Amino acid sequence: MAKEENLNTSRDLQDLQRKLSLLIESILNNSKVVAFMKSPVGQYLDRHPFAALTLLVFIALSAVPVAFFLFLVVLTSLAAFVGIILLEGLVISVGGLSLLCVLCGLGFVSLVISTTIIASHVVISSLINCGLSSRPQDLSSNCQLLTKPADSEDLNQE
């Protein structure tokens, strides 16, 4: 029964891997993605995946504060048409400084989230490689992080 569940899990993971591979292939074959990947920024991000992940998380987290700031600017601009010009400059200045503070905080948070995602990816992939290895000879090489290293004294005695 355990072998059957392990076989079903293995098949499910292979199906998931195949679907993800097709999705990634279709994204990478998109003409806009190809043009971006040929640009210097795309090549840099391709060589530095942690920077790419951090940039992605930062953009996702900063979307709401930037949208709120733009809404505030439009609202104060409409108020300026009514005649409150002095208040508009003050509100936009305070809003700009607030946005700067929020974006700096989000930069730090995106670094922390990216680090957590990378660490989780490394741990989970090593656990999956160790747990789903069907060949016993590969198990010892794949699970080096999980096994206790032999003492140097034991090696010297032999």
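Visitor: Where is the place of Val57?

Guide: The place of Val57 is in helix H4; helices (H or I, at least four residues) and strands (E, at least two) are DSSP runs, numbered from the N terminus. Please note that this is a predicted model, in which local features need pLDDT of at least 70, side-chain atom pairs count only at pLDDT 80 or more, and totals for chains, interfaces and linings use all residues. Residues are numbered from 1 along each chain as its sequence is written, and side-chain values use heavy atoms, with hydrogens and water left out.

With a relative accessible area of 10%, Val57 is buried (under 20% relative accessible area; exposed is over 50%, partly exposed in between, with a 1.4 Å probe and protein chains only). Setting aside residues up to four places away in sequence, Val57 touches Ser110, Ile113 and Ser114, where contact means heavy atoms within 4.5 Å. Val57 and Ser114 are 57 residues apart along the chain, yet 7.1 Å separates their C-alpha atoms.

Thr54 also has its place in H4, which covers residues 49–82. Thr54 is buried, its relative accessible area being 13%. Again not counting residues up to four places away in sequence, the residues that Thr54 touches are Ser110, Leu111 and Ser114. The buried residues of H4 are Leu53, Thr54, Val57, Ser62, Pro65, Phe69, Thr76 and Ala80.

Consider next the helix as a whole. H4 has 34 residues and reaches 49 Å from its first C-alpha to its last. That is close to the 50 Å expected at 1.5 Å a residue (1.5 Å times one less than the number of residues). H4 bends by about 40 degrees at Ala63 (the angle between axes fitted to the seven residues ending there and the seven starting there).

We turn now to the neighbouring helices. The axes of H3 and H4 come within 5 Å and cross at roughly 110 degrees (axes are lines fitted to C-alpha atoms, for helices over the stretch in contact, and angles run from 0 to 180 degrees between N-to-C directions). H3 and H4 are therefore roughly perpendicular to each other (65 to 115 degrees). From H3, the residues Tyr44, Leu45, Asp46 and Arg47 make this contact, while H4 supplies Pro49, Ala51, Ala52 and Leu55.

H3 (residues 40–47) meets H2 (residues 31–38) too: their axes come within 4 Å and cross at roughly 85 degrees. H2 and H3 are therefore roughly perpendicular as well. Phe36, Met37 and Lys38 of H2 take part, together with Pro40, Val41, Gly42, Gln43, Leu45 and Asp46 of H3. Val41, which lies in H3, counts as partly exposed at 49% relative accessibility. Its C-alpha atom is separated by 9.9 Å from that of Ala52, 11 residues apart along the chain.

Finally, the wider setting. The protein has 7 helices and 0 strands, and 13% of its 158 residues count as buried. Among contacts with a separation of 6 or more, 55% come from residues 24 or more positions apart.

How values were computed
Parallel < 35°, antiparallel > 145°, perpendicular 65-115°, else oblique.
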